Amino acid sequence: MDDGIDLVVHDGQVVTPDGVIFGDVAVANGVIVSVGKEVSTARSRVSAKGKWVMPGGVDPHAHIEQMSGMGQWNADTFETATRSAAMGGTTSVISFAAQAGGQALSETVADYSARAERGAMIDYAFHITLTDTDVAGFESDLATLISAGHRSLKVFTTYNIQLSDAQLLAIFRAARQNGALVCVHAENDAIIAQAREDLLRAGQVSPADHARSRPRMAEIEAVERICRFAEHVDQPVMLFHISTLEAAAAVKAAQARGVPVWAETCPHYLFMTEAVLDKPGLEGAKWMCSPPQRTERDQEALWSALLDGTLSLVSSDHAPYRFDATGKLSAGANPGFHQIANGLPGLETRLPLLFNAMVTEGRGGPEAFAKLTSEAPASIYGLNQKGAISEGLDADIVIWDPEKTMTYGSNDLHDNVGYNPWEGYRVTGWPERVYLRGQPIVEHGEFLGHPGIGKWIDRPELATKPRQAMT
Ligand code: DUC
Ligand code: ZN
Ligand code: ZN
């Protein structure tokens, strides 16, 4: 009976890049070998009758086992973060190899690689975060790392690790020369500093004041400037976590000029408003992130921008801090907003939230969901073996039960954060089985993976290219 087929997922509604088909998906040696053809013999046969068969999620922006801008380790290790991701249907993640001040880039990447290799339970790649361009060997290390397959870089315009305009332009040039995408956290630092000083002087330091300390104009100005830098250098850029309708409009205008810019938003901008920060005492700190959540008008504009293609991705921006002295309350029991680490967990909830909105409630539908959460991030970031149920690609497969309804509880995620920012939120549609390169890693709520099964994803080249041929 052995035809060399390890797994057949049969009788499901399979979402492929060419449309939805009913039929079988066959897997051998971790790779999809046929889609839509009936395959009767296999070592394992799993029914997907009445279910959706989707590509494993690709989360293109998550902070894992990383130190914050305020010098704090975040709560998750590669092991806990990737377990959480898998439980929510994500099989690949791009996290950060974040350069510490004075550190050679080669050392940064070696450090994160060693830790990820030991702990990761899904596949992974790194954005290299550049904070110190003055270290010895910076340019040659950067060129070597990019050509070794680390095809995305991350820079900041704020957070005490911002680069100057001159440094940003130099990085854009180096990235263009070596073939990397530059991801930018774009908020104007001077606008934020002024707003923060005004609030501190007035004694307004609650979590709700955090939103006032990051005015929307900070994002709008920086996004417009970065779009112009991308245009000037002709360098592909990804604008991270767009939160305002004006910034989305700035991206759309740049794209209309032919500038090679892409942009993402996150579930906490699509489904939350700044009201989440306005809770008694310090409770709102659990939802504090930068940029902050905005308004219902922004939510609508972000959805329109997603559906018209202005925004290409929805990342989690998973940035996990416990609500205790190791995390949000590390500055004492009564910190001001300026002393509280920014970020909320999201690796596990990104896909169920989007499935509920896009498939169950019909905002885009199943094909748009698969494209947004898997195909687009894989293609933009050069994860060439990922992103679709297609012959020859890695068998990263999720079987979704469209009927199962769950209401999130206070502490039901599989990370190490200790709270769920989506407590009370109801979703219909649940990732029932998750396969990583053909291996079952989640079955009906049980995690089956183990540390080290996640593999680094080499990215030999990117699809996101400059407009002009390279000179
Ligand atoms: N904002 C970021 O830019 N990164 C991590 C957390 C956050 O809130
Ligand atoms: Zn950011
Ligand atoms: Zn981030």
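## Zinc site

The zinc ion (ligand 2) is 3.6 Å from the zinc ion (ligand 3).

His63 sits in the loop between strand 6 (57–59) and helix 1 (78–87), and Asp317 in the loop between strand 13 (313–314) and helix 11 (350–360), so the pair ties together parts 254 residues apart in sequence. Helices (H or I, at least four residues) and strands (E, at least two) are DSSP runs, numbered from the N terminus. Both His63 and Asp317 are buried, meaning under 20% relative accessible area (1.4 Å probe, protein chains only).

## Basis of the model

The model is predicted; local features need pLDDT of at least 70 and side-chain atom pairs pLDDT 80 or more, while totals for chains, interfaces and linings use all residues. Residues are numbered from 1 along each chain, chains are lettered from A and ligands numbered from 1 in the order written, and side-chain values use heavy atoms, without hydrogens and water.

## Ligand 1

Polar contacts are pairs of N or O atoms within 3.5 Å. A polar side-chain atom of His185 is 2.8 Å from an oxygen atom of ligand 1, and a side-chain N or O atom of His241 is 3.3 Å from an oxygen atom of ligand 1. A backbone N or O atom of Ser290 lies 2.7 Å from a nitrogen atom of the ligand. The protein buries 94% of the 240 Å² that ligand 1 exposes when taken alone.

Key. Donors are N, O and S atoms within 2.8 Å of the metal (3.2 Å for Na, K and Ca); water is not among the atoms, so sites may look incomplete. Buried means under 20% relative accessible area, exposed over 50%, partly exposed in between (1.4 Å probe, protein chains only). A polar contact is a pair of N or O atoms within 3.5 Å; within protein, one must be able to donate a hydrogen and the other to accept it, and residues adjacent in sequence count only if both atoms are side-chain atoms. Accessible areas come from the Shrake-Rupley method with a 1.4 Å probe; for residues, only the protein chains shown count as cover.
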